[in-house]
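Okay, thanks everyone, let me get the picture up on the screen. I'll take you through a couple of spots and keep it short.

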Amino acid sequence: MPVEPFPLVQAHGDHRQAGRQIGEALRPQIQRYMSSLPDSLPAGVTWEGMLDQSRLYLAPARAAYPQYTAELEGIAEGAGVAFERVFLSHCEELWEPAVWARGCTDLVARGRATVDGSTLVAHTNDLRASVEDDLVILQVQAGDEPEFLGVSVAGLGYSAGFNAAGISMTGNELANNDIRPGVPRLLVVRAILAARRLGEALDACLLPQRASSYNNVIADAHGEVYSMEGSATDCEPIYIEDDLLAHANHYASPAMRRFEADRNDIGSSVYRHNRARRLLQENRGRLSPELFQALLADHAGYPASICKHGLESVTVFSLILNLNERRAWIGRGRPCQTAYHEYTLAPWTPPEDWPS
Ligand SMILES: [Zn+2]
């Protein structure tokens, strides 16, 4: 059986228009996803209680990112669901810890580590197995931002992607112990996808009003690569070392360990992090998109391997990027069983007044 690509939805216009197109195209998926959310409430919290809490996140979100809040309003209109529900679905912080059951592994190489000097990013995305049916690819050109392509759960937030300026956004969920009302981390991720240079992506990761943070792995076609290991109140920018970078789902920098919600619950992540680092080192100088496809299918430590099977989370998609070529290969499901489909974006042209 051939492995089908994820559905592709294209949207363009101003932010609200782009959102409305996403909502219209994914109306059944969004409605189904929304109707499943009340079944996933954290223990002891009512649906009304969740909506009340999400209102504390809305004011900072509107203040920091009116354009992305407008996008969510457009999605709600297009899908025929209440905006407050769409916004609540983006407040992942409120659904901690059980709903998402995430894990992800990132492997990045540049310069002398890759076969042709390109910057290559590889990412596995682990979620509940049932989420695989809701995954879509969005190709969006909103406002005056560079076009981007991202993998999304039902059009509600982005898990990984890259843009026409050659900037990638991948990364890993971390269990922050300092979550607070603020700008949802899913909106920070959306801002990274709009970056025209890596400095703008760095600034997005460091947004002072953030409610929490992923470990945002950001990279550009110049081979500049950071693992922005953040929490709500602090962030350690980890720079690529020896042309290689690996990361999984725990705080690797000593400065950030105090933000780990449970230091005794990081074993699986430590294993994948070190395994990824070793696979990169052993293949230094030979790394190519094809070789990354094989590395993402690694089964050491099965079933809690980089290609993750059969635990509370499994690999629901994986992605490999060549940032110099603005090219992505995206595969549905487990990397050992998938077929990768190729996507490209035309390079972004800076406006004439862009400082050179
Ligand atoms: Zn596998």
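Right, let's begin at His299. How exposed is His299? It's partly exposed, with a relative accessible area of 32%. Keep in mind as we go that this is a predicted model.

So what does His299 do here? Its NE2 is one of the protein donors of the zinc ion, and the others are Cys307 through SG, His309 through NE2 and Cys336 through SG. These donors sit 2.0 to 2.4 Å from the zinc. What about the geometry? The site is tetrahedral, with angles of 105 to 114° among the 4 donor atoms. If you want to find the donors in the sequence, look for the spacing H-x7-C-x1-H-x26-C.

Now look at where two of them come from. His299 is in the loop between helix H9 (289–296) and strand E12 (314–322), while Cys336 is in the loop between strand E13 (327–332) and strand E14 (340–344), so this pair ties together parts that are 37 residues apart in sequence. Cys336 is partly exposed too, at 34% relative accessibility.

Okay, over to a pair of helices. The axes of helix H1, residues 15–25, and helix H4, residues 66–79, come within 6 Å and cross at roughly 35°. The crossing is right-handed. Which residues meet there? From H1 you've got, among them, His15, Arg16 and Ile22, and from H4 the list includes Tyr68, Glu71 and Ile75. By class, this contact has 5 nonpolar, 6 polar and 6 charged residues.

That's my tour, happy to go back to any of it.

Terms used
Residues are numbered from 1 along each chain as its sequence is written. This is a predicted model: local features need pLDDT of at least 70, side-chain atom pairs count only at pLDDT 80 or more; totals for chains, interfaces and linings use all residues. Side-chain values use heavy atoms; hydrogens and water are left out. Donors are N, O and S atoms within 2.8 Å of the metal (3.2 Å for Na, K and Ca); water is not among the atoms, so sites may look incomplete. Four donors count as tetrahedral if all angles lie between 85 and 135 degrees; four count as square planar and six as octahedral if opposite donors are over 155 degrees apart and all others between 65 and 115; anything else is irregular. Helices (H or I, at least four residues) and strands (E, at least two) are DSSP runs, numbered from the N terminus. Buried means under 20% relative accessible area, exposed over 50%, partly exposed in between (1.4 Å probe, protein chains only). Axes are lines fitted to C-alpha atoms, for helices over the stretch in contact, and angles run from 0 to 180 degrees between N-to-C directions. A crossing is left-handed if the near helix is turned anticlockwise from the far one by less than a right angle, and right-handed if clockwise. Contact means heavy atoms within 4.5 Å. Ala, Val, Leu, Ile, Met, Phe, Trp, Tyr, Cys and Pro count as nonpolar, Asp, Glu, Lys and Arg as charged, and the others, Gly among them, as polar.
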